[in-house]
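Visitor: Let's walk through this one together. Can you keep it quick?

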Amino acid sequence: MNYHFDWSVLWTGQSGQWLLQGVVTTLEISVLAWLLALGLGTLSGALRTVPFAPLRALATCYVEFFRNVPLLVWMFFWYFALPPFLPQSLQDWLFNHGAEFWAGTVALGVYHGARFSEVIRAGIQAIPKTQFEAAISTGLSTGQAYRLIILPIALRLIIPPATNESLNLLKNSSVALTIGVAELTFQTRQIETYTARAFEALTAGTLIYLALCLTIAFVMARVERRFAIPGMIARVGAAEH
Amino acid sequence: MDFAVILKNFDFLLLQGLLGFGNFVGGTLRLALPAMVIGFILGIFIGLGRLARSAWIRVPATVYVELFRGVPLVMVIFWFWFILPIILRLPLPEYGIALMAFVIFEAAYLGEIVRAGIQSVPRGQIEAAASIGLSSAQTMGYVILPQALRNMIPALVTQFIVLFKDTSLASIIGYVDLTKAAQIVNNREIRPFELYLFIAVVYWLCTYAMSRYAHYLERRLTPA
């Protein structure tokens with residue numbers, strides 16, 4: 001193998017700027033999608049445990065349909081298939097304001113919402129049923145019991161599997177490059193295209209992903225220790241796929 | 001909406017895209033099945049390596065797992081796509097590159113499942129096997145692995161579902177799987193809604209069947 005390394009391509013020309021822009025876009029799409037996923041996941045995860053069958057069925061349909069289809073297909077679906085059904089004015093606005101970014105955010109958020117839902121459901125089911133009954137017996141409505149008692153405990157229980165899922169979301173944001181979102185993997189490829197330095201560009205991208213994942217894992221481990229409920233954290237198993 | 005486009009291209013989408021019969025070397029299943037089998041075999045070695053007593057084996061296995069679990073699959077596919085032809089000094093077909101990327105990547109996840117499965121076997125089993133005179137290789141082969149395998153079946157099926165869905169990413173480097181087949185048809189017909197909805201349903205049917213089977217196994221294998 002006679003490959004001559006030239007690491008200077010990473011800081012000469014525009015490469016450094018591209019990498020930085022890539023990191024920023026990756027973080028933007030991940031944070032927005034994460035908020036959407038957490039909202040959808042908490043709502044549907046809670047609905048899957050309520051004592052009212054139609055709501056449970058609705059949440060189950062959402063989870064089973066969205067998490068069993070590849071994210072890449074959802075990206076194409078939200079970006080290519082849905083916009084033609086929107087009103088013309090909204091379409092124009094979208095395509096002037098980075099439609100691929102919003103389609104990617106929605107695809108990532110809705111897909112991971114279905115996966116978060118399973119984590120949150122497992123968390124709620126790990127709470128003893130008597131906890132819910134005690135809440136009801138003090139005069140809280142079902143909605144209040146969930147909002148004030150069940151969800152605050154469940155969200156603290158699920159920190160380890162939720163961290164895992166959040167890291168999956170960050171890594172899966174790379175799939176958005178297929179619809180043209182200029183995130184980190186996209187920029188890595190761009191550097192490769194301009195400099196023909198595949199090894200150096202990929203190494204830079206890989207190290208940045210590793211650094212992001214390790215940092216988040218480290219921060220979340222501290223958060224977990226801070227919010228742990230003694231004796232309860234180990235009850236929730238790892239999330240399903 | 002005009003779903004006739006699906007009927008017109010039904011053979012191409014399913015035979016070529018899903019199964020891999022046709023003019024292209026392709027097919028979601030032709031990639032997913034060997035990746036599962038070879039990835040699992042490699043995963044057993046990774047899992048055993050993670051539990052090895054010698055640090056010379058344990059540390060590299062741990063680094064392998066942590067490295068591949070910290071990097072997006074898309075990135076790994078690009079690594080193989082750019083680097084393999086340079087290292088091997090010969091042009092490789094997309095199929096070979098995709099298969100290698102999936103095997104290496106999934107082995108990290110499967111290795112963790114194997115490790116958890118082995119650790120779920122009670123220690124007394126190892127001591128009992130040693131006390132009847134089995135060597136450590138025999139203990140692993142006849143006593144630990146068969147029980148561990150049973151414990152890891154649900155997690156394993158789950159990971160296979162993930163792998164099945166992930167094979168859609170092979171279309172990024174031009175491998176003609178179900179997703180790429182839909183893209184090819186869409187370039188000609190411009191019917192994104194019908195085509196992407198159709199392949200979503202096909203993927204869904206395959207993965208949902210697998211996940212039902214996983215639930216069934218879980219119920220059957222969990223001691224009451």
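**Chains, contact and core**

Guide: In chain B, residues 24 or more positions apart account for 69% of the contacts with a separation of 6 or more; two residues are in contact if their C-beta atoms, placed from the backbone, lie within 7 Å. This is a predicted model: local features need pLDDT of at least 70, side-chain atom pairs count only at pLDDT 80 or more, and totals for chains, interfaces and linings use all residues. Residues are numbered from 1 along each chain as its sequence is written, while chains are lettered from A and ligands numbered from 1 in the order in which they are written.

Visitor: And what share of such contacts in chain A joins residues at least 24 apart?
Guide: In chain A it is 81%, among contacts between residues at least 6 apart in sequence.

Visitor: How many helices and strands does chain B have?
Guide: Chain B has ten helices and zero strands. Helices (H or I, at least four residues) and strands (E, at least two) are DSSP runs, numbered from the N terminus. Chain A also comes to ten helices and zero strands.

Visitor: What box do the C-alpha atoms of chain B fill?
Guide: Roughly 70 × 50 × 25 Å, along the principal axes. For chain A the box is roughly 70 × 50 × 30 Å.

Visitor: How much of chain B is buried?
Guide: Buried residues make up 41% of its 224 residues. In chain A they make up 42% of 241. A residue is buried if 20 or more other C-beta atoms lie within 10 Å of its own, exposed if 12 or fewer, and partly exposed in between, with C-beta atoms placed from the backbone.

Visitor: Pick a residue. Where is B:Ile6 found?
Guide: B:Ile6 sits in helix 1 (residues 4–8) of chain B.

Visitor: Why does B:Ile6 count as buried?
Guide: Because 20 other C-beta atoms lie within 10 Å of B:Ile6.

Visitor: Which residues touch the most other members in the largest nonpolar core?
Guide: A:Val73, A:Met75 and B:Ile77, out of 117 residues. Such a core is a set of buried Ala, Val, Leu, Ile, Met, Phe, Trp, Tyr and Cys residues joined through C-beta atoms within 7 Å.

Visitor: And what does A:Met75 touch, not counting residues up to four places away in sequence?
Guide: A:Gly104, A:Ala107, A:Val175, A:Ala176, A:Thr178 and A:Ile179.
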